[in-house]
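Helix packing came first, then a handful of loop residues.

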Amino acid sequence: MIKKNSFVLLFLLVLASCAGTQSTTTESSAAVKAEAAVSPAKTHIDAVRQQFAPDKRVALFDVEANGNVLRGETNMPEAKADLVKRLQAAGVSFVDSVQVLPEASLEGKHQAIVTISVANLRSQPKHSAELATQATMGTPLKVWKKKDGWYLVQTPDQYLSWVDYGGVALMDQTAFNSWQQGKKLIYTKTYGFAYAKADKAATTVSDMVYGDVLVQKNKTKDFYEVSFPDGRTGFISAAEAIDYKEWVASRKPTEENLVASSKEMLGMPYLWGGTSVKGMDCSGFTKTIFFMNGLVLPRDASQQVHIGELVDTKSGWDNMRPGDLLFFGSPAKDGKPERVVHVGMWIGGNQEFIHSAGRVRINSMNPSAANHDAFELGRFLRAKRVSPEATLVDLREKSLYE
């Protein structure tokens, strides 16, 4: 009886094992078939993404194929149109469920203006998310969609990130055009305030930083009366602001001016994601230097490295000029791509450069200098000279605020 029961038990175990194997084989076969089903569309999706959105920081093409259903979203209708054309030409059947932004729920309010001195823009729609970048008051933003109290926006340097409702005023095209047509002032003091009355003893309406842009309403001897993008009014010292057009016309990104602007920020704290005088990371610092001289650079060091002309540093630093950008990181090696993780600006003198590392500071590439930075010298990659033509926007040619 025991032997018979053992035989039956063994037989059942073998059956279970075979059933499990068959089940696993069936599931594996199904997975292979499913993958095969999406592969034709996936190949075309990847090709379109590479063409239109190789850098997801500045272009949105979040599209996937689930079977024959295309799902996701993009802010580039031309990318979706190209994908559809490719699939049709290849005879790939599909169901189109790709949303082209901006969302209809925005009700035509596809523009926004930053309403606070510095708006923090994050990588995800939550305050605990990484700080991606910043935008100063008056900066125009494109608005793509909303999630809870957050908006997915795109800055003038094309950076995509999320801003909470408290930092922006949403506008339809009519309201946006009206704001842009207003007579603008730009705040030019490093830090200050707007007041409720034409009196520095009055209560404050907002803090202010260099680069904030407002609409001028009236002017007295000592104060400008200004309008904020969200409808508030206030007063700022006439000595701390200038007519925007006058400011733009006076921008001359010479070697001397770039260096002078950089030194105005010495000692300011490092802030990951910062691009303002409230705190700045390395690329936020170089971006601010060039903005103060009328030029808009890409956001990150790994983007800035692709603009301008290469400076020959193979034989030393003799070819370097003040204003040249220095890039640091790790070179391509063992199949791994190059990583650009830091940027600074050459200022001359004893082979010196200025950068935001802990705080805005000046260091030297000269090993015999007291302020030599051996770490940065050890990871130096290359230097670039950036002409106005190589930047994203030359504010003297194309205004962002008018």
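The entries below follow that order.

**Ground rules.** I worked on a predicted model, in which local features need pLDDT of at least 70, side-chain atom pairs count only at pLDDT 80 or more, and totals for chains, interfaces and linings use all residues. Residues are numbered from 1 along each chain as its sequence is written, and side-chain values use heavy atoms, with hydrogens and water left out.

**Entry 1: helix H5.** I started with H5, residues 255-263. Helices here are DSSP runs of H or I with at least four residues, strands are runs of E with at least two, and both are numbered from the N terminus. Which residues of H5 are buried? I found Leu258, Val259, Ser261 and Ser262. They cover an arc of only 160° around the axis, so they sit on the same side of H5. The arc is taken from the directions that run from the helix axis to the C-beta atoms. I used buried for under 20% relative accessible area, exposed for over 50%, and partly exposed for in between, with a 1.4 Å probe and protein chains only. An α-helix has 3.6 residues a turn, so residues three or four places apart point the same way.

I then looked up what covers that side. The cover of the buried H5 residues includes helix H6 (282-291) and the strands E23 (339-348), E24 (352-357) and E25 (359-364).

**Entry 2: H5 against H6.** Two packed helices are described by the angle between their axes and the distance between the axes. H5 and H6 pack at about 125°, and their axes are 9 Å apart. That angle makes H5 oblique to H6. On this scale, under 35 degrees is roughly parallel, over 145 roughly antiparallel, 65 to 115 roughly perpendicular, and the rest oblique. Axes are lines fitted to C-alpha atoms, for helices over the stretch in contact, and angles run from 0 to 180 degrees between N-to-C directions. I also noted the hand: H5 and H6 cross right-handed. Right-handed means that the near helix is turned clockwise from the far one by less than a right angle, left-handed anticlockwise.

Which residues make the contact? From H5 I listed Leu258, Ser261 and Ser262; from H6, Phe285, Ile289 and Phe290. Contact means heavy atoms within 4.5 Å. By class, I have four nonpolar residues, two polar and no charged.

**Entry 3: burial of H6.** I checked H6 residue by residue. In H6, 10 of the 10 residues are buried, so the helix is largely enclosed by the rest of the structure. Among them are Cys282, Gly284, Lys287 and Phe291.

**Entry 4: backbone points.** The peptide bond from Leu101 to Pro102 is cis, with omega near 10°. Pro102 is in the loop between strand E3 (95-100) and strand E4 (111-114).

Asp148 has phi near 55°, a positive value in a residue other than glycine. I placed Asp148 in the loop between strand E7 (140-147) and strand E8 (150-154). Asp148 counts as exposed, at 65% relative accessibility.

For Asp334, phi is also positive, near 55°. Asp334 is in the loop between E22 and E23. Is Asp334 buried or exposed? At 72% relative accessibility, Asp334 counts as exposed.

**Entry 5: Pro331.** I stayed in the loop between E22 and E23, where Pro331 also has its place. At 52% relative accessibility, Pro331 counts as exposed. Leaving out residues up to four places away in sequence, I noted that Pro331 touches Pro337, Glu338 and Leu381. Pro331 and Phe380 are 49 residues apart in sequence and 9.1 Å apart in space, C-alpha to C-alpha.

**Entry 6: Thr313.** Thr313 is in the loop between strand E21 (309-311) and strand E22 (325-330). At 18% relative accessibility, Thr313 counts as buried. What does Thr313 contact, neighbours within four places in sequence aside? I found Met320, Phe380 and Ala383.

**Entry 7: Ala369.** Ala369 counts as buried, at 12% relative accessibility. Not counting residues up to four places away in sequence, Ala369 touches Asn350 and Ser364.

Note on methods: Nonpolar A, V, L, I, M, F, W, Y, C, P; charged D, E, K, R; others polar.
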